[in-house]
Amino acid sequence: MVKKNCIENLRHELNIEGVAIEIYDSNGNILLDIEEELNKPFTKEYIISGYQTIIHIDRDIYKDGLESISNIVAHLVKEKLKKICLMFKLDDLNTFNFRIAETVPDAILVFDNNGYVKYFNEKALEFIEVPKDEITKRPLQDFYSTKLKVVEVLKNGSPVFNKEIFVKTKEGKKRRLLKTILPIVDGDGKVVGALDKIKEINTATKFINNMSGYSARFTFEDIIHKSEKMAKTIKIAKVGSNTDMTVLIQGESGTGKELFAHAIHNNSSKASKPFVILDCSTIPKELVESELFGYAEGAFTGAKKGGKLGKFELADGGTIFLDEIGEMPIDIQAKLLRVLQSGTFTRVGGNEPIEVDIRVIAATNRNLEEEVKKKNFREDLYYRLNMFSLEIPPLRYRKEDIIKLIDCFLEKAATKLDKKGITISNDALDILINYDWPGNVRELENAIFRAVNLCFEGEILPVHLPESIVEKTEIVVPVRGKKADKKSLEDMEIKHILELLEENNGNKKKTAEILGISRSTLYRKLKKYGVPL
């Protein structure tokens with residue numbers, strides 16, 4: 001249906017002397033009636049754009065070629081009707097698009113080719129730092145001391161996609177924005193304007209964090225323990241989590257330093273913010289700086305277009321966990337110290353200072369005091385990190401935790417390996433309790449997983465445990481019908497090996513595979529126990 005306001009425009013467009021026009025809809029309702037005093041009118045009916053159209057021509061004014069004149073008027077009606085209705089459709093579309101622009105979370109600006117803002121949504125006012133009543137009066141560049149990227153796009157027509165841009169107003173206000181700027185061209189390919197879509201960099205990094213899984217997974221409730229030593233350590237860690245102080249976690253490998261870092265973050269006011277991990281021991285020396293602070297576009301050969309966000313930027317507002325901080329190169333330590341002191345840093349190859357609000361948790365298995373004496377670690381950084389120190393006790397000093405940890409790992413391994421109902425014999429349990437565990441909780445977990453994998457009888461025996469653990473553990477193991485002595489463990493092992501050989505019809509290769517040892521190790525054991533080969 002042709003809109004009423006469209007018809008009114010058509011009335012003005014078709015006000016022709018000596019011509020009367022009537023247009024009806026499909027129901028016979030008159031849409032347009034242009035009345036004119038006519039003498040002996042020539043009348044002709046048309047269907048124009050689906051509408052019944054009747055044209056009357058004054059015979060006294062147009063004496064000859066009345067039908068041709070009527071056809072010309074009909075064509076004019078058709079063209080005018082098409083043009084006017086199209087304009088209204090475009091207006092409706094623009095109104096719809098602008099309404100969409102008001103609902104999106106990003107700022108939207110539309111520029112003409114002179115750099116004047118022709119349209120902006122309310123979100124844009126939060127980013128551009130320009131009063132609403134002044135934004136369209138002058139080119140936007142007049143309000144900034146830095147050259148705006150949109151000016152460049154208007155000049156060369158090259159679009160910009162998701163580029164980080166720093167802007168500074170003439171009043172000195174700084175913003176770090178993520179922009180996409182698209183040129184608007186006419187039918188001849190000439191740039192007549194630009195569309196500028198702006199996102200605050202914090203929103204972008206939050207999106208990246210969500211996609212990348214930068215969040216802490218564990219809480220203090222996940223730390224399995226029974227010992228008083230561990231309970232005291234957790235209590236101290238909870239106190240530290242309620243501050244913004246830098247935390248230094250020290251302890252041997254495998255004691256659970258990362259687990260504590262997760263728990264401290266999740267118990268802090270920054271729990272809903274990013275938790276970003278950088279393992280300093282796994283990053284090549286020449287890449288540590290760019291991993292921490294990111295790099296600007298063109299910083300070095302092979303640098304990603306648009307640059308790269310570093311771990312500090314990704315952790316902004318939250319926590320960065322620097323694992324194995326003792327492995328950090330000495331020259332990077334100085335730059336880390338500056339970040340801790342000032343809260344700002346500069347990307348590799350960049351010149352814009354970036355401010356961050358970050359809580360730092362560091363961990364090490366080294367004695368940093370000794371490393372300071374050896375000149376491997378900066379003394380000033382050590383004292384800056386050691387604002388709140390936490391020492392995780394090794395497993396050999398909290399034997400009470402071993403049984404509880406074994407129960408947990410048994411259940412976990414049985415579920416993962418689909419071996420339900422696996423138990424552990426008293427003999428195997430005694431070995432695990434009396435072992436010193438230089439690899440701590442991590443070594444214990446690996447030993448249980450290996451044992452469950454090798455166990456086919458439903459009960460873990462000493463023979464299922466790693467040889468390195470069994471051989472280093474002196475323990476009295478009772479054997480049925482005999483007095484307990486130190487040799488009984490060997491008796492149990494050879495008995496188990498001989499039973500497996502019998503089950504496998506003497507197949508040593510298959511027996512070795514079941515035991516989880518090499519064939520040469522099996523031969524060595526058989527020789528040790530005097531079994532004929």
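Q: In what order do the five strands of the open sheet with parallel pairing lie?
A: The model is predicted: local features need pLDDT of at least 70 and side-chain atom pairs count only at pLDDT 80 or more, while totals for chains, interfaces and linings use all residues. Residues are numbered from 1 along each chain as its sequence is written, and side-chain values use heavy atoms, with hydrogens and water left out. Strands (E, at least two residues) and helices (H or I, at least four) are DSSP runs numbered from the N terminus, and two strands pair if DSSP finds at least two bridges between them. On that basis, the open sheet of five strands, with parallel pairing, has the order β11-β12-β15-β10-β16.

Q: Which are the edge strands of this sheet?
A: Neighbouring strands here are turned by 15° against each other on average, direction ignored; axes are lines fitted to C-alpha atoms, for helices over the stretch in contact, and angles between N-to-C directions run from 0 to 180 degrees. An edge strand pairs on one side only, and this holds for β11 and β16 (388-391).

Q: Which residue of β15 is the bridge partner of Gln250?
A: Strand β10 (residues 247-250) is joined to β15 in the parallel sense through four bridges. Gln250 has as its bridge partner in β15 the residue Thr364.

Q: What angle does the direction of helix α7 make with that of β10?
A: Helix α6 (residues 228-241) lies across β15 and β16, and runs at about 155° to β16. Helix α7 (residues 257-266) also packs on the sheet, where it touches β10, β11, β12, β15 and β16, contact meaning heavy atoms within 4.5 Å. Its direction makes with that of β10 an angle of about 155°.

Q: How are α13 and α14 oriented relative to each other?
A: Helix α13 (residues 400-416) packs against helix α14 (residues 426-434) at an angle of about 125°, with their axes 9 Å apart. Angles under 35 degrees count as roughly parallel, over 145 as roughly antiparallel, 65 to 115 as roughly perpendicular and the rest as oblique, so the pair α13 and α14 is oblique.

Q: What is the relative accessible area of Thr169?
A: Thr169 is found in the loop between β7 (160-168) and β8 (174-185). Not counting residues up to four places away in sequence, Thr169 touches Ile128, Glu129, Phe143, Tyr144 and Ser145. Thr169 is buried, and its relative accessible area is 3%.

Key:
Buried means under 20% relative accessible area, exposed over 50%, partly exposed in between (1.4 Å probe, protein chains only).
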